[in-house]
Amino acid sequence: MELALQLGINVLIPASVFVLLIVGFSLIYSITRVMHVAHGAVAIFSGYMFHFFYSVIGMHVAIAVTASIVLATLLGLFLNELVYERLRDQRTVSAAGILIATLSLLLIIQNGMLALFGSGTKTFRSLKGSVYSFGPVLLSRHELLILLLVPVLLLLLWLFLKKTRWGKALRAVADHESVAEVVGISSKKARRLIFGIASVLAGIGGILFVIQYNLEPNMATSVSVRMFYHALVGGIGSVGGAVLGSVLMQGVFVLTGWYLEVTWANMMEFLVLFVVLLARPNGLLGKRKRSI
Amino acid sequence: MNNRALVWVILAIVVIGGGILFFSSRRAAEPSPTPEAAMEKDDAMEAMELDGELVLGAIMPLTGDGAAYGLPIQKAAELAVEEINKDGGIDGKKLVIRYEDGKCDGKEALTAAQKLLTVDGVEAVIGGVCSGEVLGMAEAINEAKAVLISPSATSPDISEQGGEYVFRLVPSDAFAANVAASFAKDDLEAGTVAVFAEQTDYAQGLRNGFSEAYKELGGEIVLDESWNTGTTDFRTQALKIKNAGADAVYLVPQTPAGGIAFVEALRDQQVDAVILTAEVLVGRDVAAENSELLEGVYGFEALYNEEGDAASNFLMAYETRYGEKAAFPFFMANGYSSVYLLKDLVEEQGLNGENLKTALFALKDWQGGALSDVTFDDNGDIIWSTYQVKRIRGGEVTDDKIFTF
């Protein structure tokens, strides 16, 4: 029981951080049909901005967090406007073209960070706070923050999608773009809105991630790749799928690390991905039709 | 193209262009030259006096995590090149080193080596910095009959698999692992140890060496595991070590990134086992930047007397030239000295791989660069007899016990 609790927490911490990225990636895909793999790089970009404002310039942590999230959001909107919208205008560009574009963006952002900030590992140890014990489980202040903040953000996102007019408009576009256009919903505005929301979440997720796991440029790729296949497992296009995919894959990671060796974790994760996709090609909670 | 799109494109060009300008001006302002920049500078200064070029190759990680080693060693080698060219070059020719990025990876190093050997036709290569790089390119080096001198690849596998053209200025980790095991068992009196190493040639070499030596001494290894490069979350591993009740953890990362994340997890989970590690985490800059986190961590290094004349001259020249302290004094001194070693041998033997190999084996107590007493054994490994335990205290890497074989 004690062990289950400890391992459960070990699953929930990384799963919570990643779900913020996965849910954004997933919603972007269902509304715009863009596989925005560079989304992970936007999160790491946010981490680097935070490093710059907080560690280099020495701003107050709250201002540094806000500024980083704003910049990450601008980057997300900028990518949508400059790259994806333009590719969309040119009808000849295929899905593969968009994938090549997003992978290029990922590498551009990653190498930009490398060039500007160097290859060294940046740490934010003072921000992790002191360690509290809850029975057998030891949690730092930052880990506690992750576990409390992420469910609140997910709940807000869910309420936004289900209850507000804008949320309903987004779902309408995801359901059927042309019909939504007919009833007066601008799909272009919907795309901007979802890129904005997803990038805010990536901005927050990026900062939570780098405080917990440190920061170096190569993380842009590794985070993006993990985000991508965790989303595939859960099923692209729903908040529930994002949560399920994230928890399941981190579960595989932790259990492999505990019962076998962590060096086997990648293999086991891809094995699970393979089995899931064989049984359910759209992921565990994926629907055949795209909708949120 | 409509007007709005045009505005976006112009904006993007301005931003990217501005970024590149900002970056390149920053790089130019730094004292550290990229090799190309150094060459250009040398061109301007030396073209008058020196006649022709003498080209050596170098393969080291210049990007990625391994650049934490590669770049400082490159700077040290480049310092030697500058000094030699200022002093008349080699036989009146300008010395030039062609650097290729080995990315701390065997496959990348092999590609780089093939380029240097076939396109540039080099007869001598300095590198690789990582053991994986050396093992990856050893066969190509031997086939081409060019000599390879590594400043820092320590895997025990290189002694056997390196072949006769591979030399190194660092001793094999077979010894360092023995020192760590005997220090853990006899000095720390640790009865149980957990061993965790990154999944790379260098780290696995130390892991195997340590586990064998420690078991021979009668200790118990409670966990003996590896992790893949890029793993970020070590909470479960920390929990495992805690539950196993290990007295000490022998932790071998390939680069600081994984090692720091692992130690953080151990601290956060309040694991009170003593932390023993290899060279990476006792890098002088790593220790200073993470002083609180790494307090009390033990590391094991070949004893390189930094106070000796040649060594302190080099370290001072490096600090003056680049405005920073040497992060890995021994490895960097080797990078610097390997250039001088090749200079001496080329002047004696000419630039020919086979002759250089024979000369390297015949070498006895060579002194030069920042080293003294360089003699190679039958495997091309430097003969070395003393090791030192290092301990991080208050961000400083302090000296502890000395082992002599």
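This is a predicted model: local features need pLDDT of at least 70, side-chain atom pairs count only at pLDDT 80 or more; totals for chains, interfaces and linings use all residues.
**View 1. The disulfide of Cys104(B) and Cys130(B).** The sulfur atoms of Cys104(B) and Cys130(B) are 2.1 Å apart. A disulfide is a covalent bond between the sulfur atoms of two cysteines. The link of Cys104(B) and Cys130(B) is left-handed, with -100 degrees about the S-S bond. The pair joins distant parts of the chain, 26 residues apart. Cys104(B) is placed in the loop between strand S2 (94-101) and helix H4 (106-119) of chain B, whereas Cys130(B) occupies the loop between strand S3 (124-127) and helix H5 (131-144) of chain B. Cys104(B) counts as partly exposed because its relative accessibility is 21%, and the cut-off for a buried residue is under 20%. Cys130(B), with a relative accessible area of 4%, is buried.

**View 2. The cis peptide bond from Gly127(B) to Gly128(B).** Omega is near -20 degrees for this bond. Gly128(B) belongs to the loop between S3 and H5 of chain B, the loop that also holds Cys130(B).

**View 3. Residues of chain B with a positive phi, Asp365(B) and Asp373(B).** Asp365(B) is found in the loop between helix H15 (353-362) and strand S11 (366-368) of chain B, while Asp373(B) is part of strand S12 (residues 371-374) of chain B. Asp365(B) counts as partly exposed at 40% relative accessibility, and Asp373(B) counts as partly exposed at 43%.

**View 4. The largest nonpolar core.** This core has 106 residues. The members that touch the most others are Phe210(B), Tyr250(B), Phe314(B), Val339(B), Leu341(B), Leu360(B) and Phe376(B). Helix H14 (residues 329-349) of chain B supplies the largest share of the core, 11 residues. A second, separate core of 81 residues includes Ile13(A), Val19(A), Leu21(A) and Ile98(A). In soluble globular proteins, nonpolar side chains tend to be buried together.

**View 5. The surroundings of Leu341(B).** With neighbours within four places in sequence left aside, the contacts of Leu341(B) are Ile149(B), Leu169(B), Leu360(B), Leu363(B), Trp366(B) and Phe376(B). Among them, Leu360(B) and Phe376(B) are also listed with Leu341(B) as touching the most other members of the largest nonpolar core.

**View 6. Helix H4 (residues 95-117) of chain A.** The 23 residues of H4(A) reach 33 Å from the first C-alpha to the last, close to the 33 Å expected at 1.5 Å a residue. The buried residues of H4(A) are Ile98(A), Ala101(A), Thr102(A), Leu105(A), Leu106(A), Ile109(A), Gln110(A), Met113(A) and Phe117(A). An α-helix has 3.6 residues a turn, so residues three or four places apart point the same way. Helix H2 (39-57), helix H3 (61-89) and helix H9 (219-234) of chain A are included in what covers the buried residues of H4(A). Just after H4(A), Gly118(A) has a positive phi of about 80 degrees.

**View 7. An aromatic cluster in chain B.** Tyr69(B), Tyr304(B), Phe328(B), Phe330(B), Phe331(B) and Trp384(B) make up one aromatic cluster. Over all chains, the count comes to 31 aromatic pairs.

**View 8. Lys75(B) over the face of Tyr322(B).** Lys75(B) is 5.4 Å from the ring centre of Tyr322(B).

Technical notes:
Residues are numbered from 1 along each chain as its sequence is written. Chains are lettered from A and ligands numbered from 1 in the order in which they are written. Side-chain values use heavy atoms; hydrogens and water are left out. Rings of Phe, Tyr and Trp (its six-membered ring) pair if their centres lie within 6.5 Å; planes under 30 degrees apart count as stacked, over 60 as edge-to-face and the rest as tilted. A charge sits over a ring if NZ of Lys or CZ of Arg is within 6 Å of the ring centre and within 35 degrees of the ring normal. A nonpolar core is a set of buried Ala, Val, Leu, Ile, Met, Phe, Trp, Tyr and Cys residues joined through side-chain atoms within 4.5 Å. Buried means under 20% relative accessible area, exposed over 50%, partly exposed in between (1.4 Å probe, protein chains only). Helices (H or I, at least four residues) and strands (E, at least two) are DSSP runs, numbered from the N terminus. Contact means heavy atoms within 4.5 Å. The expected span of a helix is 1.5 Å times one less than its number of residues. A disulfide is a pair of cysteine sulfur atoms within 2.5 Å.
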